[in-house]
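Hi,

Here is the structure you asked about.

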Amino acid sequence: MYSLFLRWVLIFLLCFASVFGYAQREADSSPYGLSLKRELVFGGIGALTIGTGTFLQNQLDEPLREDLRVSEYEQIIEFDRLGSTFNRGNSAKLSDYGLNTGVAIPALLLLSKNSRREFGKICILYVETVAITGGLTNMSKAGFARPRPYVYDAEWMPDRPLESGDRASFTSGHTSLSAAGCFFFARVYADYHPESRLRPYVWGVAATIPAVTGFLRIRAGRHFPTDVIAGYALGASVGYLVPMLHKKGVLPRGLRVSGGVSGIRLNYQF
C-alpha cells in the first residue's frame with residue numbers, strides 16, 4: 001500500500017514547478033496561498049517520513065508468535081477486545097472500499113466551479129496531505145511493531161514467524177488515510193463555499209466514512225480499537241491542518257515565520 005505514497009510524492013516533485021507557477025497566478029479571491037519554500041518543506045516532510053518508516057519496517061526482525069510472550073488474546077487490555085473477532089465476513093474487503101472512497105472523495109471538488117479552476121493548487125495540498133499522513137502512519141507502524149489481532153488467533157501456529165506486515169497494527173493506515181482524504185475534502189469545500197447550506201452534511205459524511213472504515217478494520221481482525229482511534233485522529237488532523245496552514249491571513253498581519261538549521265524565528269513588522 002505504501003508504494004502508492006511514494007508514487008504520489010514522485011508526482012508532486014515532477015509536477016510542482018509547472019503547477020506552482022499556475023497556482024500563483026490564480027485570483028486574489030482564492031482562500032489559499034502557496035510558497036515555494038513552504039511547499040518544499042511539506043513535501044519534504046512527507047517524503048522523509050515515508051522513507052524513514054519504510055526503512056525501519058524493513059529492519060524489523062521476524063520473531064515467532066511464542067516470542068511475544070502473549071499466548072492468548074484475552075491478555076490484551078479489555079478495551080482493545082471490545083467487539084473484535086477475527087476475519088468476520090467481508091469486513092476486510094469492505095474496509096478497502098472505505099479506504100478508496102476516503103482517498104478519492106476530494107475529486108468531488110471538481111464539481112464546483114470555484115474549486116475546479118484552482119484544482120492544480122488543491123492537488124498540491126492534497127499530495128502533501130496524503131504523503132504526510134502515510135509517512136507518519138508508516139513510522140508509527142515501524143516504531144511500535146504491534147502485532148495485529150489475527151496473530152492471536154488459535155489457528156496461528158506458535159512457531160510461525162511474524163513478517164513486518166503482521167506487526168503493523170498501530171496505527172490503522174486504512175483509517176488514517178480515509179480520514180485525511182475526507183477531512184481535507186470537507187475543509188477545502190468549506191473554505192471555497194463559506195455560505196453553503198451543505199457544509200454540515202459534508203462534515204457529517206467526512207466524519208462518518210473513516211469511522212465506518214475503522215470499524216470494519218476491527219471486525220476484520222486487522223486492528224485493535226486503539227489503532228483505529230489513533231489513525232482517525234492522525235488522518236483527521238493532517239487533513240484539516242494542511243489546508244488551514246495554507247490559508248491566506250492565518251497569521252496576524254505583519255507576523256512572519258522563518259526557519260533554518262539554527263531554529264525558528266518570529267518577526268513582526270509594525
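Predicted model: local features only at pLDDT ≥ 70, side-chain atom pairs only at ≥ 80, totals over all residues.

Let's begin with the rings. There are seven aromatic pairs in the structure. One of them is Y126 with F184, a tilted pair with 5.0 Å from centre to centre and 40° between the planes. This pair links distant parts of the chain: Y126 belongs to helix 5 (residues 119-144) and F184 to helix 6 (residues 173-192), 58 residues apart. Y126 counts as buried because its relative accessibility is 8%, under the 20% cut-off. F184, at 0%, counts as buried too.

A second pair to look at is F144 with F170. Their rings sit edge-to-face, 4.6 Å centre to centre, with 65° between the planes. Again, distant parts of the chain are linked, with F144 in helix 5 and F170 in the loop between helix 5 and helix 6, 26 residues apart. F170 is buried, at 18%.

There is also a ring cluster, where ring pairs link F183, W203, Y232 and Y240.

Now the core. The largest nonpolar core holds 27 residues, and L109, I122, L125, F184 and V188 have the most contacts inside it. Helix 5, helix 6, helix 7 (199-219) and helix 8 (225-245) are the elements that give it two or more residues. Which helix gives the largest share? That is helix 6, with eight residues. As background, nonpolar side chains in soluble globular proteins tend to be buried together.

Leaving aside neighbours within four places in sequence, F184 is in contact with P106, I122, L125, Y126, T129, A179, G239 and P243.

The phi of A145 is near 45°, a positive value in a residue other than glycine. With a relative accessible area of 11%, A145 is buried.

Cheers

Terms used:
Residues numbered from 1 in each chain as written. Heavy atoms only, no water. Phe/Tyr/Trp six-rings, centres within 6.5 Å; stacked < 30°, edge-to-face > 60°. Helix = DSSP H or I, 4+ residues; strand = E, 2+ residues; numbered from the N terminus. Buried < 20%, exposed > 50% of the residue type's maximum accessible area, 1.4 Å probe, protein only. Core = buried A, V, L, I, M, F, W, Y, C linked by side-chain atoms within 4.5 Å. Contact = heavy atoms within 4.5 Å.
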